[in-house]
Structure formats: structure tokens, C-alpha cells
Amino acid sequence: STPLYSSAASDVYKRQVIELPTIKIVPPQHPEKLRESIMNIQSFDWLVLTSPNAAEIFLRDFMLIHGDIRKLNGVKIAAVGTATGAKLKEFHLPVDLKPREFSALKLSEIFKAKNIKGKKILLPRSAIAQDLLPKELKKLGAVCHEVAAYETVPETEDPNHARADLTENGADWI
């Protein structure tokens with residue numbers, strides 16, 4: 001009789017996915033700059049968030065400092081991407097400006113329709129973020145205040161021994 005499953009087919013069911021993080025998110029080297037911006041949030045016209053990480057860290061620190069999300073009153077919010085918008089929704093915050101395409105360049109293009117000359121924009125983001133967006137906002141006459149909300153560094157720990165498993169057993173796909 002023929003087996004219901006061949007040995008090759010049953011091997012598929014033995015395969016597993018190994019999660020091996022290569023980077024991690026850590027606080028910036030100078031967190032006081034982010035905190036100072038948060039303390040002075042009412043001096044800004046716009047808060048621009050380009051990633052879920054920036055949104056989460058900014059809002060977490062904001063709540064630690066102010067304790068009340070209503071302190072954002074009057075500050076308009078721009079966001080890049082569905083995930084960033086979802087993070088803002090967790091805090092019950094509306095997004096005033098969001099490009100249809102998820103890119104900083106597209107965000108700068110829709111800012112062209114707004115009169116942002118002389119407007120102060122707070123841009124908390126990765127310490128290694130590209131400078132395209134702040135350059136474009138400055139070209140439109142905005143006063144752009146960039147501040148590192150987090151840093152992205154190599155992950156060196158391996159608590160689940162995934163690296164050892166990968167070294168020992170290899171992988172079919174990475």
C-alpha cells in the first residue's frame with residue numbers, strides 16, 4: 001500500500017520558523033532633548049510621526065511627563081503609514097495629515113498644500129533617520145525641530161538560542 005504522505009511531504013510539517021532579531025530599539029543617547037520638546041509641546045504647531053516606534057516612544061514619554069493626552073490640544077498631527085496611524089489611534093488621537101502613499105516624500109508633498117511657512121514642526125524619530133523630510137519641510141518655510149526618540153542598534157543577545165539553532169541546523173530560507 002502507498003503511504004498517505006510521502007516522507008518529503010511530511011518533512012514540510014517538521015519545518016519551523018526561527019525568529020532571530022538582528023536589531024533592537026533603545027533610548028537615544030540624549031533623552032533629555034526629547035523630554036524638553038515634550039515639555040514645550042505647546043510651542044509647536046505640528047507633531048510629525050514617521051514610524052510606529054517614534055509614535056509609541058513619544059506618546060509614552062508624553063504621558064509620563066504630562067499625564068494627560070489633552071495637553072496636545074492645538075498641536076496638529078501628521079503621520080506616515082497605517083501602522084503609525086494605528087499607534088496614534090491607540091491613544092485616541094486623530095491624524096490631521098496622512099499621505100496616501102507611505103513615504104516621507106509624499107508627506108512633504110501634501111504639506112505643500114498647507115501654509116507651513118514659519119510653523120514650528122516637532123519631528124521625533126530614529127537617530128539615524130534620513131534627512132529628506134526635514135529638508136523638504138524647511139524648503140516650505142517651516143521651522144523643523146528634529147529630535148531622536150530612539151536609536152536602532154545591533155541585537156547582541158540570544159535568549160532563545162535562535163542564533164545557535166541557526167548555526168547548528170542552517171535554514172532553508174532567510
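This is a predicted model: local features need pLDDT of at least 70, side-chain atom pairs count only at pLDDT 80 or more; totals for chains, interfaces and linings use all residues.
Okay, hi everyone. Let's begin in the middle of things, with the nonpolar cores.

The largest nonpolar core has 22 residues. Who has the most contacts inside it? That would be I41, L47, F58 and L72. Helix 3 gives the most, with six residues.

Let's pick I41 out of that group. If we leave aside its neighbours within four places in sequence, I41 is in contact with F58, F62, H66, K71, L72, V75 and L122. Apart from this core there's another one, of 14 residues, and among them are V48, V80, I121 and A142.

You'll find V48 in strand 2, residues 46–49. Is V48 buried or exposed? V48 has 0% relative accessibility, so it counts as buried. And what does V48 touch, once we skip residues up to four places away in sequence? The list is A78, L107, F111, I121, L122, L123, P124 and L133. For a sense of distance, take R70: it sits 22 residues from V48 along the chain, and their C-alpha atoms are separated by 17 Å.

Right, on to helix packing.

Pair one is helix 2 with helix 3. Their axes are 10 Å apart, and the packing angle is about 65 degrees. The crossing of helix 2 past helix 3 is right-handed. On the helix 2 side we have L34, R35, I38 and M39, and they meet I57, F58, D61, F62, I65 and H66 of helix 3. Sorted by class, that contact has seven nonpolar, one polar and two charged residues.

While we're on helix 2, have a look at P31, which lies in that helix. P31 has 23% relative accessibility, so it counts as partly exposed. From P31 to I41 is 10 residues in sequence and 15 Å in space, going C-alpha to C-alpha.

Pair two is helix 3 with helix 4, and helix 4 covers residues 82–90. Here the angle is about 20 degrees, with the axes 8 Å apart. Angles under 35 degrees count as roughly parallel, so helix 3 is roughly parallel to helix 4. This crossing is right-handed. Where do they meet? P52, A55, E56 and L59 in helix 3 come up against A83, T84, K87 and L88 in helix 4. By class, you get five nonpolar, one polar and two charged residues in that contact.

Helix 5 passes helix 6 in a right-handed crossing. Helix 5 brings A104, L105, L107, S108 and F111 to the contact, and helix 6 brings L132, L133, E136 and L137. The class count is seven nonpolar, one polar and one charged.

Let me zoom in on S108 from that set. It lies in helix 5, residues 104–111. Buried or exposed, what would you guess for S108? With a relative accessibility of 1%, S108 counts as buried. Setting aside neighbours within four places in sequence, S108 is in contact with L133, E136 and L140.

Most residues other than glycine have a negative phi. Now look at H92, which is not a glycine but has a positive phi of about 60 degrees. Where is H92? In the loop between helix 4 and helix 5. H92 has a relative accessible area of 73%, so it's exposed.

Then there's H161, again not a glycine, and again with a positive phi of about 60 degrees. H161 lies in the loop between strand 5 and helix 7, which spans 162–169. The relative accessible area of H161 is 54%, and over 50% counts as exposed, so H161 is exposed.

Notes. Residues are numbered from 1 along each chain as its sequence is written. Side-chain values use heavy atoms; hydrogens and water are left out. Helices (H or I, at least four residues) and strands (E, at least two) are DSSP runs, numbered from the N terminus. Buried means under 20% relative accessible area, exposed over 50%, partly exposed in between (1.4 Å probe, protein chains only). Contact means heavy atoms within 4.5 Å. A nonpolar core is a set of buried Ala, Val, Leu, Ile, Met, Phe, Trp, Tyr and Cys residues joined through side-chain atoms within 4.5 Å. Axes are lines fitted to C-alpha atoms, for helices over the stretch in contact, and angles run from 0 to 180 degrees between N-to-C directions. Angles under 35 degrees count as roughly parallel, over 145 as roughly antiparallel, 65 to 115 as roughly perpendicular and the rest as oblique. A crossing is left-handed if the near helix is turned anticlockwise from the far one by less than a right angle, and right-handed if clockwise. Ala, Val, Leu, Ile, Met, Phe, Trp, Tyr, Cys and Pro count as nonpolar, Asp, Glu, Lys and Arg as charged, and the others, Gly among them, as polar.
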